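Biologist: I would like to learn how to read charged side-chain pairs in a model such as this one. Could we go through them slowly, with the general idea before each case?

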Amino acid sequence: MEDLTSRGKVAKSTSELDLYGDLVNSSVGHDAEALSRQLEEQKARNADIGSKYRRVAEDNDRLQGLSSELSKQNTSLQMNISCLFKTAKLEIDRKDREILTLRSRLEALGKVAADLRASNDVASAQMQQMAVQMSSMRRTVPVVHEPDVQPA
């Protein structure tokens, strides 16, 4: 095709310059409808995505609140278990000291009991010896009978 402006000729009408006018005009109607449908679909998708986003944001807020609550409970439970552990350890130490004291007392009482048994055995032996001596004395000493004296 010749360039009309380069040869000094002027185009007679705009239709001569508009080579693609028929093509654009015929497809514009179809394109506009397709674009309108696409626009409506995109608006629907955007609304759906916006709705999902709001639900996810609400869930996120709720879960963050729950996480914060659980974190506080966890801290509290850790402090409680720590106090219980320390209390139990102190109680065990106290009971161990008490057991040692009772064992010492039992040991001392055992020694006292052994000493008492030994003393008792010695005293029993001494009493048996005295009994033997007394019975032998009775046999060797004559029995003296005093006459019955009548009161005057």
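**Reading the salt bridges**

Modeller: Glu-91, Arg-94 and Glu-98 are linked in a network of salt bridges. Please keep in mind throughout that this is a predicted model.

Biologist: What is the general idea behind such pairs of side chains?

Modeller: Side chains of opposite charge can pair when their charged atoms come close.

Biologist: Where do Glu-91 and Arg-94 lie, and how many residues apart are they?

Modeller: Both belong to helix α2, and because they are three residues apart there, about one helical turn separates them.

Biologist: Which residue forms a salt bridge with Lys-89?

Modeller: Lys-89 is paired with Asp-93, their closest N and O atoms being 3.9 Å apart, which falls within the 4 Å cut-off used for a salt bridge. These two residues also lie in helix α2, four residues apart, about one turn of the helix. Lys-89 has a relative accessible area of 47% and is partly exposed, while Asp-93, with 31%, is partly exposed as well.

Biologist: How far apart are N and O in the salt bridge between Glu-41 and Arg-45?

Modeller: In that pair the N to O distance is 3.9 Å. Glu-41 and Arg-45 both lie in helix α2, which covers residues 21-140, and they are four residues apart, about one turn of the helix. Glu-41 is partly exposed at 41% relative accessible area, and Arg-45 counts as partly exposed at 44%.

Biologist: How many salt bridges does a search of the whole structure find, and what is the secondary structure around them?

Modeller: The search finds seven salt bridges, and the protein chain comes to two helices and zero strands. Of its 152 residues, 1% count as buried, and its accessible surface comes to about 14,500 Å², of which 59% belongs to carbon and sulfur atoms.

Biologist: Where does pLDDT stay under 50, and what does the chain average?

Modeller: The protein chain averages a pLDDT of 83, with 73% of the residues scoring at least 70. Over residues 1-8, however, pLDDT stays under 50, and for that stretch the model has five contacts beyond four places in sequence.

Notes:
Residues are numbered from 1 along each chain as its sequence is written. This is a predicted model: local features need pLDDT of at least 70, side-chain atom pairs count only at pLDDT 80 or more; totals for chains, interfaces and linings use all residues. Side-chain values use heavy atoms; hydrogens and water are left out. pLDDT is the predictor's confidence in each residue, from 0 to 100. Contact means heavy atoms within 4.5 Å. Buried means under 20% relative accessible area, exposed over 50%, partly exposed in between (1.4 Å probe, protein chains only). Accessible areas come from the Shrake-Rupley method with a 1.4 Å probe; for residues, only the protein chains shown count as cover. A salt bridge is a side-chain nitrogen of Lys or Arg within 4 Å of a carboxyl oxygen of Asp or Glu.
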